[in-house]
Amino acid sequence: MKSNFKDFFSERINGTKDWLEDVGKLDETVTKTHSEIRHTEHLINTLFEVNTPKKEKHVSSSFPISYYISAGICIVVILVVLIATVCSLPEFGVVNSQMKEVSDRYVQSGMKETGAVNAVAGMILDYRAFDTLGESFVLFTALNCVWILLRTNRSSVERYFPLTEDNILVQAAKVSVPVILVYGIYVIINGHISPGGGFSGGAILGAGLILFSEAFGDEIAGKFVTEKRFKVICSAALLFYCLSKAYSFYVGANHLDSIISTGTPGRIISAGLILPLDIAVGIIVCLNMYGIYCMFKKGRV
Amino acid sequence: MPFIINLPFFSVITCLIGAVLCSVFNDRNARRVCVVSIIIVIVFSASVFIQTASDGQYYHYVLGHFPAPWGNELRVGPLESLVCCGFGIILLLSLMGGDEYININVRREKRNRYFVLINLICVAMVAIVYTNDLFTAYVFLEILTLASCGILMIKEIGKTTIAATRYLILNLFGSGLFLFGIFLIYTMTGHLLMENIHEAIVLIVRNGNYDFPLTVACAVICTGLAIKSGLYPFHLWMPDTYAYSTPTSSAILSSFTSKVYIFLMIKIMFRVIGTDVEGMRNVMNIYLLFGLIAIIIGSVSAIKQHNINRMIAFSSTAQIGYIFTAISLSSVSGIAAGIYHIFAHSVTKSLLFISSARIIGVSGKSMAFHDLRGAAKRSPFASLMFTVGSLSMIGVPAFAGFSSKILISSAAAEKENTLSLVILVVLALSTILNTVYFLRTVINIYSTSKDSEKREKLYPEYVFASIMLAVLNIILGCYSVPVIKAITSGIELFI
Amino acid sequence: MEKISGHFPQIIAMILFTIGLSTLLLHRNLIKKIIGLNIMDTGLFLFITSVGYISDRLAPIIINGNTDPSLYVNPVPAGLVLTGIVVSVSVTSITLSLSYRLYKRFHTLNLDEIYLLAADEEER
């Protein structure tokens, strides 16, 4: 029995050795042919001067020393000038008498005129609402530019290790994603009563959606946020923001009375248009963040 | 109050809604929405101009229920509405002139996003021209920066991506400096609305307690805006940006985007800070110096180019130098000459870019001069339009370039010191340099070559756009007096 | 010396701004330049937030209906910073997607190598 095994294996090993020798010979022939082809190519190139080898362009790995010196001097001068500027302004923590005129009214009459307990929310969504309108459109512009650059239809995602197989992430996400989403909704809805608002709540919701997509995979997230739903909801939120602010500005500029009342401060349904605008801004920020993330990850929403 | 006071605000809302709608429609409907919203902006601005010019005064439009300094405001006068109308016309004609190249250079599924970005550029222009608030100007300035970068990258080749990166990083540095200036001004004055800031600055100059920060704030704001509009030391992003993208984008970027920044700078320099501040006067002298250097260096660099689009882009550097020289004379006639040159340059540059695209197209898509020989036989109409643009840039009488050069020279001569002599000499020298490179190109195009069969296919929108631009050029050149009167009376209400 | 200790947060903000500026100027890698831009913006936001703060006062959320302005901090800088942060995020996303495209095309993030490769492309 033993000798049979020994013969069997030595046959196999000899056979493999012969096979390896043949492969080695084949490899030699291939290498020789390859070098002959290169030699002929080089001859043709020199004879007919096709594809002259480019001059070796030396990419210097650092700037010339004069650039560093001049940049250093510039930076030191700028630092000294900036510190001198800042030191001649009012001190930190001291009341600045020039700013009192504007900020006092926001705090004093903010609750009465806008109905918002949070004076900052009242300021950005009522007194200075045009800036916030522009800001939402800055995010929209960024999403458009990223769409132009990164939108492809490629079907595969180049990943070394798909995160859906990481058990720690999946189990942690099962617990934390619902909490994050609910917390985001809480921050948005309570934006005018407590610290928070549309922008911070939208960022929290966007982060929750990104975690959901990473932990559970593209297909499940794609069923929840499809491209058509994404476009429709994003455009609807932006249109609602534009039209409601258009109504509010038109009514204010022409000294008409607005039909929207400010309600009693401190309740959730109050502060006029601030709550719906907070919700619209939250949706816009959340979807834009998620959209930009999807463009980077897989090239489409 | 007549209903017409609402029209500037309605133009903003129309463009915003147009941008949102363009993102959901397909490319043909998106193009219609875009063209319709720009036409609405032009019509509304023209009506507001007629109303305010006949009344002879400006008005404040309160956005919301709260007046300045607590709420936001627009300030509408004849100059703002005239500038808005003019910019809208140039945007529309650039869009129409490069229309067929949009279909070639932009992929079908991304075409509607291109029109979204053009709508956003339009709304940013309207908001910056009309606003009376410094922080609103910053927000819409950022929209303009990001959207211009977007229309630059729409043609997806390596060169535009590199140009977009360089353009974006330099522009963002400029925006950062501008934001720092706004924060400094807010710290010193406590206001963000332009007229309130001006009153507070007058008080500060009288008391003399914040001299150094005020100078630094002026310097920082003006440097930021100079980086964004491409004044001399910061002009290196211009040739790559303008030369390689689709012709509509090149025309919009070169004739429109930089000029909006210059208009905002005029507003801030004269309405917010004012020439009483010592720091502002020093900054204006520096602008004058760099403007003169830019004129010479831009023309000399343009002569050295072998590529037609890069040559046109370098000549933009020189023209921006003209505008800065005129504005930094800080007299009413100087500012009027600067604004007139803004119009003249925009009209001419758009015409040059959309015509050179056709000339390149019939010469085997090569931009080098030796490949463009004899292009006149291959596409006679485009070569004729290019010649009209070149003659205007050189300064031949009856074209817009000649009137604007005369206006800048007379504004300089009013000062009656050695500085005006220097400016006149530099202007004369630059006319000679302009002639060298533009006339050389025109002669190149009209010379004979072997390949001379007529290959042009005249696209009707291109024909309409280029004829309108050429007609506007000749109108600005021959009938400059009423235009200048309108601008000057507008400036007195503007400052 | 009292000036420096009295203006401590503003000086730190300016130092951050200068660090960001030097990163932008002195590094060749594109991602590091973007990080430099971000640090510059962060310095500016720290500056404006420290301007609005008044010692021993509360955040501007009205408590118990007491709207006396001497109890609360200035609310305006908070709104300015909010807008600034949104703009900074948008800008970072666009510059990062541009560097992604450049990397896919040229397989390097060093700006000089990219210029050289693009110039080669033009000659060919």
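**Entry 1: chain A**

I started with overall dimensions. Chain A has a radius of gyration of 33 Å, whereas a compact globule of 301 residues would have one near 19 Å. I keep in mind that this is a predicted model. Along the principal axes, the C-alpha atoms of chain A fill a box of roughly 100 × 65 × 40 Å.

Next I looked up the secondary structure. I found ten helices and zero strands in chain A. Read from the N terminus, the order is α-α-α-α-α-α-α-α-α-α.

Then I checked burial and contacts. Of the 301 residues in chain A, 42% count as buried. I also took the contacts in chain A between residues at least 6 apart in sequence, and 72% of them join residues at least 24 apart.

**Entry 2: chain C against chain B**

I turned to the interface. How many residues of chain C are in contact with chain B? I get 32 residues of chain C, and they touch 29 residues of chain B. The two chains bury about 2800 Å² between them, with 82% of it on carbon and sulfur atoms. Three residues stand out: C:L44, C:L80 and C:L98 supply 19% of the area that chain C buries against chain B, more than any other three residues.

I then searched for charge pairs. The rule finds one salt bridge across this interface. B:E156 pairs with C:R101, and their closest N and O atoms are 3.4 Å apart. For polar contacts, I count four residue pairs between chain C and chain B, with both residues at pLDDT 80 or more.

Which helices of chain C supply at least two residues each to the side that touches chain B? I noted α2 (8-26), α3 (30-52), α4 (76-106) and α5 (111-123). The largest share comes from α4(C), with 14 residues. By class, I list 24 nonpolar, four polar and four charged residues on this side of chain C.

**Entry 3: B:D133**

B:D133 sits in the loop between α5 (111-130) and α6 (134-152) of chain B. Is B:D133 buried or exposed? B:D133 counts as buried, because its relative accessibility is 0%, and the cut-off for buried is under 20%.

I then listed its contacts, leaving aside neighbours within four places in sequence. From chain A, B:D133 is in contact with A:R128 and A:D131. From chain B, B:D133 is in contact with B:N72, B:E73, B:L192, B:L193 and B:M194.

Methods: Residues numbered from 1 in each chain as written. Chains lettered and ligands numbered in written order. Predicted model: local features only at pLDDT ≥ 70, side-chain atom pairs only at ≥ 80, totals over all residues. Heavy atoms only, no water. Contact = heavy atoms within 4.5 Å. Buried area = accessible area lost by both parts, 1.4 Å probe. Salt bridge = Lys/Arg side-chain N within 4 Å of Asp/Glu carboxyl O. Polar contact = N/O pair within 3.5 Å; in protein donor to acceptor, adjacent residues only side chain to side chain. Helix = DSSP H or I, 4+ residues; strand = E, 2+ residues; numbered from the N terminus. Nonpolar A, V, L, I, M, F, W, Y, C, P; charged D, E, K, R; others polar. Rg over C-alpha atoms; globule rule 2.2 N^0.38 Å. Buried < 20%, exposed > 50% of the residue type's maximum accessible area, 1.4 Å probe, protein only.
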